[in-house]
Amino acid sequence: KIRHGQMNPLVRDIPIAMFWKNFADFAGNTYSQKTVLRLKKAILHFKNFLLLKYVKINFLSGVTPKVIEDYKFEVHKTGIKPWQVNFILLLLREIFKYAIKSGHLNDNPTLHIRFVADQRRRIPNNLLAREALAKGVSLFRLAQLLKKDDIIKVMPFFSLLQDPMVR
């Protein structure tokens with residue numbers, strides 16, 4: 001039945017504007033103020049991109065890996081550093097992870113996007129962080145474990161992130 005598409009999991013599609021609001025409420029209760037601010041800026045930037053390039057996307061299900069890839073290309077084209085592009089993609093990944101948890105998406109469109117190659121190799125020597133990332137912990141969870149008040153403070157560990165799309 002799965003092979004013939006007869007067992008599609010139930011997904012409650014949601015207008016994208018309503019999803020942004022729901023996520024903002026969730027983030028305010030889950031993350032530190034600095035991280036919430038970064039997430040809100042990422043949402044605003046992504047919303048502006050959608051308004052310019054993909055006006056017809058009204059529902060969350062319209063955000064596909066192609067849209068995320070186009071967004072990555074546009075952001076990278078502006079000349080910002082590769083680690084910043086990757087950071088934006090990580091923020092979006094966390095946002096769409098919430099969409100899956102809340103039942104609005106079946107698949108995270110950011111998981112199918114390769115990160116931009118970053119030549120920096122400044123990795124702090126922190127055994128706890130290395131072990132956590134080796135076990136598949138996300139950078140957001142690592143920030144909580146290390147009691148960091150801002151997600152950007154764990155970004156130097158990005159190259160240790162266990163993610164097959166990074167390599």
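Let's start in helix H3, with Glu-74 and Lys-77: both sit in this helix, 3 residues apart, which is about one turn. Their side chains meet in a salt bridge, with an N to O distance of 3.3 Å. Please keep in mind, everyone, that this is a predicted model. How accessible are the two partners? Glu-74 is partly exposed, with a relative accessible area of 23%, and Lys-77 counts as exposed at 52% relative accessibility. With the cut-offs at under 20% for buried and over 50% for exposed, Lys-77 is called exposed because its 52% is over 50%.

Glu-69 is partly exposed, at 32% relative accessible area. And Lys-72, buried or exposed? Lys-72 counts as buried, with 13% relative accessibility.

One more residue while we're on this helix. Asp-70 also has its place in H3, and Asp-70 is buried, with a relative accessible area of 19%.

Now for a salt bridge of another kind. Asp-149 and Lys-34 bring their side chains together at 3.3 Å, N to O. This pair links distant parts of the chain: Lys-34 is in helix H2, Asp-149 is in the segment after H6, and 115 residues separate them. Asp-149 is partly exposed, at 32% relative accessible area, and Lys-34 counts as partly exposed too, at 43%. Lys-153 joins in as well, as Lys-34, Asp-149 and Lys-153 are linked in a network of salt bridges. For those of you counting, a search of the whole structure finds 9 salt bridges.

On to the nonpolar side of things. The largest nonpolar core has 51 residues, and the members touching the most other members are Phe-46, Leu-139 and Leu-142. Which helices supply at least two residues each? Those are H1 (16-30), H2 (33-53), H3 (65-77), H4 (82-101), H5 (127-134) and H6 (139-145). The largest share of this core comes from H4, with 11 residues.

Let me zoom in on Leu-142. Not counting residues up to four places away in sequence, Leu-142 touches Ala-129, Ala-132, Leu-133, Val-137, Val-154 and Phe-157.

Last stop: how do H1 and H4 pack? Their axes are 11 Å apart, at an angle of about 100 degrees. That makes H1 roughly perpendicular to H4. From H1, the contact is made by Phe-19, Trp-20, Asn-22, Phe-23 and Phe-26, and from H4 by Glu-94, Ile-95, Phe-96, Tyr-98 and Ala-99. By class, that contact has 8 nonpolar, 1 polar and 1 charged residues.

Then turn to the contact of H1 with H4, with its 8 nonpolar residues.

Technical notes: Residues are numbered from 1 along each chain as its sequence is written. This is a predicted model: local features need pLDDT of at least 70, side-chain atom pairs count only at pLDDT 80 or more; totals for chains, interfaces and linings use all residues. Side-chain values use heavy atoms; hydrogens and water are left out. A nonpolar core is a set of buried Ala, Val, Leu, Ile, Met, Phe, Trp, Tyr and Cys residues joined through side-chain atoms within 4.5 Å. Buried means under 20% relative accessible area, exposed over 50%, partly exposed in between (1.4 Å probe, protein chains only). Helices (H or I, at least four residues) and strands (E, at least two) are DSSP runs, numbered from the N terminus. Contact means heavy atoms within 4.5 Å. Axes are lines fitted to C-alpha atoms, for helices over the stretch in contact, and angles run from 0 to 180 degrees between N-to-C directions. Angles under 35 degrees count as roughly parallel, over 145 as roughly antiparallel, 65 to 115 as roughly perpendicular and the rest as oblique. Ala, Val, Leu, Ile, Met, Phe, Trp, Tyr, Cys and Pro count as nonpolar, Asp, Glu, Lys and Arg as charged, and the others, Gly among them, as polar. A salt bridge is a side-chain nitrogen of Lys or Arg within 4 Å of a carboxyl oxygen of Asp or Glu.
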